[in-house]
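Student: I have a new structure open and would like to learn how to read its features. Could we go through it together?

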Amino acid sequence: MKYFFWLVLLCTASLTCSAQDNWLGTFADEVKTAAHLKAIPGYAFAVVSAEEPDQVFVQGKTRKNGKQPVNQDTVFRLASVSKTFTSVLAAKLVEQGKLNWNLPLSQLAPDYPFKPELAKSMTLGHILSQSSGYMPNAYDNLIEADYPVKRVLNELAGLKPICSPGSCYTYQNALFAVVEEGLHNSLQQNYAQLLQENLLMPLGMSRSGVGRQALMRDENWARPHVLLAKNRWHEVAVNEDYYRFAPAAGVNASIRDMRQWLKLMLGQYPHLLSSHAIEQLLAPKIRTSRELYRRHWRDHLKDAHYGLGWRVYDFDGELLVHHSGWVKGYRADVGFSPKYKTGMVFLMNAESNLMNEITVNFWADFFEQMKIRAQTAP
């Protein structure tokens, strides 16, 4: 996606072209073409910037054989992008004095037989920074087999860690259920209620919610699709499995609402999330070296860490904050540049690896444009 270079150069020389008129419009057309070639059912993506008007692009249908087009209010599953919501909620509650990053596992989930020493040493901060010490994706297979939360946590409690908390990167989903347990034990409210009251409602994210029922009772939601053969997609049912582990993968949102989420992280609502809280969330906690070898990403990533619910990348020398999500029938990606106050979110109702290429190309193109602007500025 580099053939837009000369158009960008012409625009940035005078700094009079809008994002829609130059590289972003070209990029959106390329995404549309690529999605058409792969017969992607539907998608929505948005770019939010402090210096430019929001740009939103939607394409396709909410279901394979239906007539309802995807629009700005169509609700998608966010999958593991939900972890960013959980960490931000925790940061707010920490600032309110209702929670503590050092709250041990023994207090988060006292009803489960976690090994005593581990229950004392593992904290909320370790869980949200994916440095618990358990083997990566521990018991995701039980989640996908529809085991109830209590049974999964009981199984997890008997697992022997592969490292001590805080010493290695071990990505988890099942373990995030103890966050919901801890919130309920400490505040006598469930995760969905706390998220609504502290973040979704104040941000005006009226199309967002938690859980399978919240998704399916909406009149405008994108049905999930899986690939049967090359460019042949099949609509499938929405599974309850990961929804049971809401702090890990239970949030739904529209692209309109996700614009608000990006603005929050870009510091535009300091009364809801302070700059200090954002700094805490984005501070690198544990190195994630495997990220450096992922296809598409490996040509650009120089270093990679996990903060609190967010990935923190050195992308061609620039700081990029990112998280992705993937559950049956859906992909989601969100990222932002704190330096340039710009973010991008992409939602898709199909399990397509095109998402990785789109995200990497967007940020490569974006940072290249910023470099050109810096070179041509008076």
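Tutor: Gladly! Let's start in helix H15 (residues 354–376), where Phe362 and Phe366 both lie, 4 residues apart, about one turn of the helix. Helices (H or I, at least four residues) and strands (E, at least two) are DSSP runs, numbered from the N terminus. This is a predicted model, in which local features need pLDDT of at least 70 and side-chain atom pairs count only at pLDDT 80 or more, while totals for chains, interfaces and linings use all residues. Residues are numbered from 1 along each chain as its sequence is written, and side-chain values use heavy atoms, with hydrogens and water left out.

Student: How is a pair of aromatic rings described?

Tutor: By the distance of the centres and the angle of the planes. Rings of Phe, Tyr and Trp (its six-membered ring) pair if their centres lie within 6.5 Å; planes under 30 degrees apart count as stacked, over 60 as edge-to-face and the rest as tilted. The whole structure holds 23 aromatic pairs. One of them joins Phe362 and Phe366, stacked at 6.2 Å centre to centre with 10° between the planes.

Student: Are Phe362 and Phe366 buried or exposed?

Tutor: Buried means under 20% relative accessible area, exposed over 50%, partly exposed in between (1.4 Å probe, protein chains only). Phe362 has 0%, so Phe362 is buried, and Phe366 is buried too, at 4%. Phe366 also pairs with Phe367: the ring centres are 5.5 Å apart and the planes lie at 65°, so this pair is edge-to-face. Phe367 counts as buried because its relative accessibility is 5%.

Student: How are two packed helices described?

Tutor: By the angle between their axes and the distance between the axes. Axes are lines fitted to C-alpha atoms, for helices over the stretch in contact, and angles run from 0 to 180 degrees between N-to-C directions. Here, helix H3 (residues 82–95) and helix H13 (residues 255–265) have axes that come within 12 Å and cross at roughly 45°. H3 is therefore oblique to H13; angles under 35 degrees count as roughly parallel, over 145 as roughly antiparallel, 65 to 115 as roughly perpendicular and the rest as oblique.

Student: Which residues of H3 and H13 make the contact?

Tutor: Contact means heavy atoms within 4.5 Å. H3 brings Thr84, Phe85 and Val88, and H13 brings Met258, Trp261, Leu264 and Met265.

Student: And where does Phe76 lie?

Tutor: Phe76 is in strand S3 (residues 75–77), and Phe76 is buried at 0% relative accessible area. Its C-alpha atom is separated by 5.6 Å from that of Ala222, 146 residues apart along the chain.
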